[in-house]
Amino acid sequence: MTLGSGVALLDVTVVNIALPTIGRQLGSSLGGLQWVSNGYILALASLILVGGSLGDRYGRRRFYLIGVTWFALASLGCALAPTTAWLVAARILQGMGGALLTPGGLAIIQSSFHRDDRASAIGTWAGVSGIAGAAGPFIGGWVLARFGWPVVFLINVPLCVVVVAGGLAVVPESRDEEAGEAFDLAGTVLTAVVLAALTWALIDGGQAPVAMVLLAAGIVLGGTLAFVAVERRAAYPLVPFSLFRSRVFSAANLMTFLVYGALGVTMFFLVLQLQTSARFSPRDSGLATLPITAVLLALSSRAAVLAQRIGPRLPMTLGPMVCAVGVLLLSLVGEGSGWALVLSATTVFGLGLALLVSPLTAAVLAAAPDRLAGAASAINNAVARTGTLLAVAALPAIVGLTGGDYRNPVLLTAGYRRATYITAALLVLGGLVSWFGLGRASGRSRGGVPGSEA
């Protein structure tokens, strides 16, 4: 489960390091590169609730393995892409496979392990999966330097083969026995349409930031009202609103939206800035992010144990704050920047990630009953991907970057620094949400729905 989920998360970040090379070789604009990144995340965020729902109803292992196989075939399509449009289409197909496999992995772990062992198992899953995402730029840089950008996608195929073989051999089947056969088609279609329209509005809906924000706000308001109305009438809704009666679940998901939006846009801009303005090679850009991977590898399991002992509130508050300090250090990266600055900044950034990743996952699942593990996992993953999707779509235009500006070091540096200040603010806000939203009682709950009394 960890390997399969890691492959899906790896593909969110491994492609970022190749974006400048893809842009040059395929003649992409900045908007085209945003779609290469966001096409995958859009499909993942739109359909991940569907993946969790299908797994809960018809078998989590079954849809997990279908998703892994789908993901592998779409990765092959990405590697063969001759144009930007082809690559974007293949990335959307990749995201659809990822939407089937991502919620299933965590739900299978939740349903297969004894309650006393779950924190450790989830900590391992979250830590190693987080490492896979953080290692993406390093792996992508090494592959890009040796083989070219198509191989960045091809590396998924053998990993997926291993996951399918292991899944068939050792993974037990599980499902929600209380789920009905009906499926929320209206909610599914509405989610995909609203997110696609919102992404288009933020990337291609106009050059004026004010007009773009107003258009996006209208889509968000109308889409939210329509979604709530549809879900309240559905016999078996995609989103069980009862989960949000838990203060812990609601606060953790709001924190997820803010923090993962900031994390996603930081990595998107950082690789562009390193290669365009700081003149790092793709391989060196990947090496520059290696401290994030090393820190997550060393500290994620310890953070999970600490959160189990003292509760998630403190680590989920301090983690985003430490990440914000790392982002402010990264804002100094530019022409002439050396390894000392970059490595120290990414190390601080990694420390913050290590503090928040495992406790966040454990807090979300602890706030949900076991039978809704798939739905809870899917909702949190959808919130995380939506945060990344919207941040990567909106921030370039907000900070004044369009067209081919990412190839101009002066223009890129100015926009990059404005973006880092915004992402640092989002991270601080995420930490404050954790502190005030989780509450002291969320600390050590062992069953039930922590915070539901609020």
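Guide: Before we start, a polar contact is a pair of N or O atoms within 3.5 Å, where, inside the protein, one atom must be able to donate a hydrogen and the other to accept it. And keep in mind that this is a predicted model.

Visitor: At the start of H17, which residue has a side-chain oxygen that reaches to the backbone nitrogen of Val-410?
Guide: Helix H17 covers residues 409-438. The oxygen comes to within 3.0 Å of that nitrogen, and the cut-off for a polar contact is 3.5 Å. The side chain at the start of H17 belongs to Asn-408.

Visitor: How far apart are the end C-alpha atoms of helix H17?
Guide: H17 has 30 residues, so at 1.5 Å a residue it should span 44 Å. The model agrees with that, as the end C-alpha atoms are separated by 42 Å.

Visitor: Which residue follows H17, and what is its phi near?
Guide: The phi there is positive. Most residues other than glycine have a negative phi. The residue after H17 is a glycine, Gly-439, with phi near 75°.

Visitor: Is Ser-434 buried or exposed?
Guide: Ser-434 sits in helix H17. Beyond its neighbours within four places in sequence, it is in contact with Met-255, Arg-313, Met-316, Thr-317 and Gly-439. Its relative accessibility is 1%, and the cut-off is under 20%, so Ser-434 counts as buried.

Visitor: With which side chain does the side chain of Ser-277 make a polar contact?
Guide: Ser-277 is in the loop between H11 and H12, and it is buried, with 2% relative accessible area. Pro-409 is 132 residues away in sequence, yet the C-alpha atoms are 4.6 Å apart. The Ser-277 side chain reaches the backbone oxygen of Pro-409 at 3.4 Å. Its side-chain partner, at 3.0 Å, is Thr-413.

Visitor: How much space lies in the largest pocket?
Guide: The largest pocket holds about 800 Å³. Its lining counts 24 residues, and those closest to the centre are Thr-224, Phe-227, Phe-257, Val-383 and Thr-386. Helices H3, H9, H10, H11 and H16 each give two or more residues to that lining. So, for the space itself, the value is about 800 Å³.

Visitor: How many charged residues does the lining of the largest pocket have?
Guide: By class, 18 of the lining residues are nonpolar and 6 are polar. For charged residues, the lining has none.

Visitor: What class of accessibility does Phe-244 fall into?
Guide: Phe-244 lies in the loop between H10 and H11, in contact with residues including Val-239 and Ile-379. Ala-376 is 132 residues away in sequence and 9.9 Å away, C-alpha to C-alpha. At 33% relative accessibility, between 20% and 50%, Phe-244 counts as partly exposed.

Visitor: What percentage of the residues in the protein chain are buried?
Guide: The chain has 17 helices and 0 strands. Among its contacts between residues at least 6 apart in sequence, 86% join residues at least 24 apart. Of the 454 residues, the buried share is 59%.

Terms used
Residues are numbered from 1 along each chain as its sequence is written. This is a predicted model: local features need pLDDT of at least 70, side-chain atom pairs count only at pLDDT 80 or more; totals for chains, interfaces and linings use all residues. Side-chain values use heavy atoms; hydrogens and water are left out. Helices (H or I, at least four residues) and strands (E, at least two) are DSSP runs, numbered from the N terminus. The expected span of a helix is 1.5 Å times one less than its number of residues. On a 1 Å grid over the protein atoms alone, a cavity is a set of points where a 1.4 Å probe fits but cannot get out, and a pocket is an open set with protein on both sides within 12 Å along at least five of seven lines; lining residues have an atom within 4 Å of a point. Ala, Val, Leu, Ile, Met, Phe, Trp, Tyr, Cys and Pro count as nonpolar, Asp, Glu, Lys and Arg as charged, and the others, Gly among them, as polar. Buried means under 20% relative accessible area, exposed over 50%, partly exposed in between (1.4 Å probe, protein chains only). Contact means heavy atoms within 4.5 Å.
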